[in-house]
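Here is a short tour of one protein model, written for someone who likes to know which side chains touch which. Keep the sequence and the 3D view open as you read.

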Amino acid sequence: GQVIAVGATVCADIATRLAKALYAPEIVLMAGGSMAGYDCAATPKALNDEWVAAASSVRGSDWVETFDLISAGKYAICMGPVQVDQTGSCNISVLGDWRRPKVALIGARGIPDDMVRLEELTFHVRRHTPRTLVEKVDFRCGLGFGPERDALGLTLGRPRMLVTDLGVFDFDEHGAGMRARSLHTGVSFDQAQAATGFELLAPGGELPVTPPPTGSELACIREEIDPLGVRRLDGADAGPALFAELAERERELFAVPGASR
């Protein structure tokens, strides 16, 4: 019954470690997406995750086993799309026409496998804007709800939830659109709508406020899981200066006494 938790953004990765540390110790982590860090402890987040996580890793792994486990439906993945549309389709491949894209990204990677092997997919979008939350994605790596999914008889790879810096959202299973499940403290529905490139489904009543992190969760993140503040890479201030700061702090935190830098 074990599940491998994979977070493809910094904050999603920290969330998997928090879950293992406080709530679900049976979760298997693969820190940094590295085979060296397979089944490791909830180690501090670092730029060199593989090196830090390897010390507590139970064993190694490889890509053959990874796709075997995806085929067995053992992964719980939270990915960071560059576009999500109102049906829950996602894009990590290109912006613009695929034949002559404005921006070429990393390609669809494992999403087609995930769509037919994993029960559900979760999304984390760092900044909720009309450029990211679009009426229709430029290139469909993962398929959302609607007639095309139904025609294919596709029952797996369901878009479960979207977390942004404004709130938590999900998708109507008949393809009618995206709705807010909760909005973060201080965010109104009108603000969320203005930042979305399509019409959100109207709330059925007063929207709940996303529960803030507890004191124990904040302490675990700040003191154990992310003492360096790597989570700031998901913020607006990410840049060369932050990378340089993190690299220096990482050397200080994980320096081995007597070893050369």
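## A buried serine

Let's begin with Ser-182, which is buried at a relative accessible area of 8%. Here buried means under 20% relative accessible area, exposed means over 50%, and partly exposed lies in between, using a 1.4 Å probe and protein chains only. This is a predicted model, in which local features need pLDDT of at least 70 and side-chain atom pairs count only at pLDDT 80 or more, while totals for chains, interfaces and linings use all residues. Residues are numbered from 1 along each chain as its sequence is written, and side-chain values use heavy atoms, with hydrogens and water left out.

Ser-182 belongs to strand β12 (residues 178–183). Strands (E, at least two residues) and helices (H or I, at least four) are DSSP runs, numbered from the N terminus. The side chain of Ser-182 makes a polar contact with the side chain of Thr-210, at 2.7 Å. A polar contact is a pair of N or O atoms within 3.5 Å; within protein, one must be able to donate a hydrogen and the other to accept it, and residues adjacent in sequence count only if both atoms are side-chain atoms. Setting aside neighbours within four places in sequence, Ser-182 is in contact (heavy atoms within 4.5 Å) with Gly-167, Val-168, Pro-208, Val-209 and Thr-210.

## Strand β3 and its partners

Two strands pair if DSSP finds at least two bridges between them. Strand β1 (residues 4–7) runs parallel to β3 and is joined to it by 4 bridges, with Val-6 standing opposite Ile-77. Strand β8 (residues 120–124) also pairs with β3 in the parallel sense, over 2 bridges; there, Cys-78 has Thr-122 as its bridge partner.

## Helix α3

Which residues of helix α3 (residues 63–71) are buried? They are Thr-66, Leu-69 and Ile-70. Seen down the axis of α3, these buried residues fall within an arc of 105°, so they line one face of the helix; the arc is that of the directions from the helix axis to the C-beta atoms. They pack against β1, β3 and α4 (111–117).

At the start of α3, a side-chain oxygen of Asp-62 comes to within 3.2 Å of the backbone nitrogen of Val-64. Just after α3, Gly-73 adopts a positive phi of about 75°.

## Salt bridges

A salt bridge here is a side-chain nitrogen of Lys or Arg within 4 Å of a carboxyl oxygen of Asp or Glu, and the count by this rule is 15. One of them links Arg-59 and Glu-65 at 3.0 Å, N to O. Arg-59 is partly exposed at 40%, and Glu-65 is partly exposed at 23%.

Arg-251 forms a salt bridge with Glu-248, with the closest N and O atoms 2.7 Å apart. Arg-251 and Glu-248 sit 3 residues apart in helix α8 (residues 240–254), which means about one helical turn separates them. Arg-251 is partly exposed at 39%, as is Glu-248 at 29%. Elsewhere, salt bridges that share partners join Asp-13, Arg-17, Lys-45 and Asp-49 into one network. Asp-49 is buried at 2% relative accessible area, and Lys-45 is buried at 9%.
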